[in-house]
Amino acid sequence: MNLPVIVSQLDTYGAVRARLGADALGVSLWLPPSLAAALAVESRARTRLRAELDARRLEVVTLSGAPFDEGGGEAPAWTEPARREYTLDLARILLDLLDDDAVRGTVSTIGVGPRDGWAEAEEKAALGILRRLSHGLADLAWQNGRAVRVGFQPAPGLVLDDPEQTVAGLSRIDKDRLGVCLDLGHVARNWPEPAAGIEAVTDSGLAIVEVRLTAVAGSTTVAWRDGLQQLFGRQGPLTENLTLVSKAPTVEQIAGDVAYLLAELAALGLAPENEPCPAR
């Protein structure tokens with residue numbers, strides 16, 4: 001995957017924005033390690049990407065550091081310095097893509113590694129990598145005046161999976177710059193008590209820097225709604241970023257997924273920034 005391919009994909013989301021009649025539409029981009037490394041050192045390429053986003057009235061506050069490169073293989077593990085550099089490359093790129101009024105952005109990643117075979121040596125190596133990642137993020141914040149946080153997403157079979165493992169696995173990180181990215185589908189399917197699990201994560205001092213959910217056939221589940229209620233209800237919001245993963249093949253269907261999510265959020269009393277929120 002290269003920059004022209006990324007730019008061509010933006011046309012779809014520009015069309016979604018137009019269909020929704022929105023002034024702007026937020027998008028989350030996935031950049032493979034090789035493209036991220038190139039963009040991180042080519043300011044003109046970053047400027048071009050920002051211009052292409054602006055032309056379509058698209059905004060970016062999150063980037064995905066998923067563990068799959070353009071060939072389908074896994075990106076470097078969190079026990080390897082190359083994974084830290086990939087993540088910092090994404091942070092450098094994001095700082096140039098953020099809108100002028102954005103305070104900070106988020107890079108999401110799967111974390112931290114496969115539980116099978118994870119031992120003391122792997123844990124020690126990963127903690128060292130995470131400390132240096134935090135230092136790198138602090139340097140970028142000092143240089144740019146805006147911050148990027150990294151969210152680690154619990155998933156089956158990984159060191160971070162259920163709430164207890166997530167809290168334990170991230171107990172020694174810099175909680176100002178590193179946090180959790182929650183997939184509401186994973187939470188609903190795999191956490192015995194989703195509400196209690198989310199509470200355990202936040203009570204431990206970990207920030208939920210991003211929440212991801214996948215659109216299912218124009219409908220949702222009770223647990224999916226319950227998660228939104230807990231995250232954005234009266235006691236919330238507990239996160240700054242909500243990312244909808246739509247697998248719809250057409251502009252019309254993607255726009256329908258977005259409209260459906262907006263209706264769900266409106267039912268919780270939330271509204272876009274340019275609309276007044278109802279009194280509670």
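**Entry: a buried arginine.** I looked up arginine 84 and got 14% relative accessibility, so arginine 84 counts as buried. My cut-offs: buried means under 20% relative accessible area, exposed means over 50%, and partly exposed is in between, with a 1.4 Å probe and protein chains only. The side chain of arginine 84 meets that of glutamate 85 in a salt bridge, 3.0 Å from N to O. For me a salt bridge is a side-chain nitrogen of Lys or Arg within 4 Å of a carboxyl oxygen of Asp or Glu. Glutamate 85 has a relative accessible area of 33%, so glutamate 85 goes down as partly exposed.

**Entry: ground rules.** This is a predicted model, so I note that local features need pLDDT of at least 70 and side-chain atom pairs count only at pLDDT 80 or more, while totals for chains, interfaces and linings use all residues. Residues are numbered from 1 along each chain as its sequence is written, and side-chain values use heavy atoms, with hydrogens and water left out.

Entry: How many salt bridges does a search of the whole structure find? I got 14. One of them joins arginine 92 to aspartate 89, with the closest N and O atoms 2.8 Å apart. Both residues sit in helix 4 (residues 81-97), three residues apart, which is about one turn of the helix. Helices here are DSSP runs of H or I with at least four residues, strands are runs of E with at least two, and both are numbered from the N terminus. Aspartate 89 is buried at 13% relative accessible area, whereas arginine 92 is partly exposed at 30%.

Next I checked glutamate 240 and arginine 104, whose side chains meet in a salt bridge at 2.5 Å, N to O. This pair links distant parts of the chain, 136 residues apart: glutamate 240 is in the loop between helix 9 (222-232) and strand 7 (242-245), and arginine 104 is in strand 3 (residues 104-110). Both ends come out partly exposed, glutamate 240 with a relative accessible area of 48% and arginine 104 with 32%. I also found a network of salt bridges linking Asp11, Arg48, Glu52 and Arg56.

**Entry: helix 4.** I went back to helix 4 to check its length. Its 17 residues, at 1.5 Å a residue, should span 24 Å, and the end C-alpha atoms are 25 Å apart, which agrees. The expected span is 1.5 Å times one less than the number of residues. Is helix 4 mostly covered or mostly open? Mostly covered, I noted, since 12 of its 17 residues are buried. Among them are Tyr86, Leu88, Leu90, Ile93 and Leu97.

**Entry: the core.** Which residues touch the most other members of the largest nonpolar core? I wrote down Leu31, Leu49, Leu63, Leu133, Phe152 and Leu228, out of 66 residues. The largest share of this core, eight residues, comes from helix 4. A nonpolar core is a set of buried Ala, Val, Leu, Ile, Met, Phe, Trp, Tyr and Cys residues joined through side-chain atoms within 4.5 Å.

I then listed what leucine 133 touches: Trp78, Arg84, Thr87, Leu88, Val150, Phe152 and Leu178, not counting residues up to four places away in sequence. Contact means heavy atoms within 4.5 Å.

Entry: Arginine 57 has phi near 55°, a positive value in a residue other than glycine. Arginine 57 lies in the loop between helix 3 (43-55) and strand 2 (58-64) and is partly exposed at 43%. Proline 4, in helix 1 (residues 3-20), is partly exposed at 47%. Proline 4 is 45 residues from leucine 49 in sequence, and their C-alpha atoms are 9.4 Å apart in space.

**Entry: the whole thing.** I counted up the build: 10 helices and seven strands. The C-alpha atoms fill a box of roughly 50 × 45 × 35 Å along the principal axes. Buried residues make up 45% of the 280 residues. Among contacts between residues at least 6 apart in sequence, 77% join residues at least 24 apart.

**Entry: confidence.** The mean pLDDT (the predictor's confidence in each residue, from 0 to 100) is 88, and 90% of residues reach 70 or more. Over residues 275-280 pLDDT stays under 50, and there the model has 10 contacts beyond four places in sequence.
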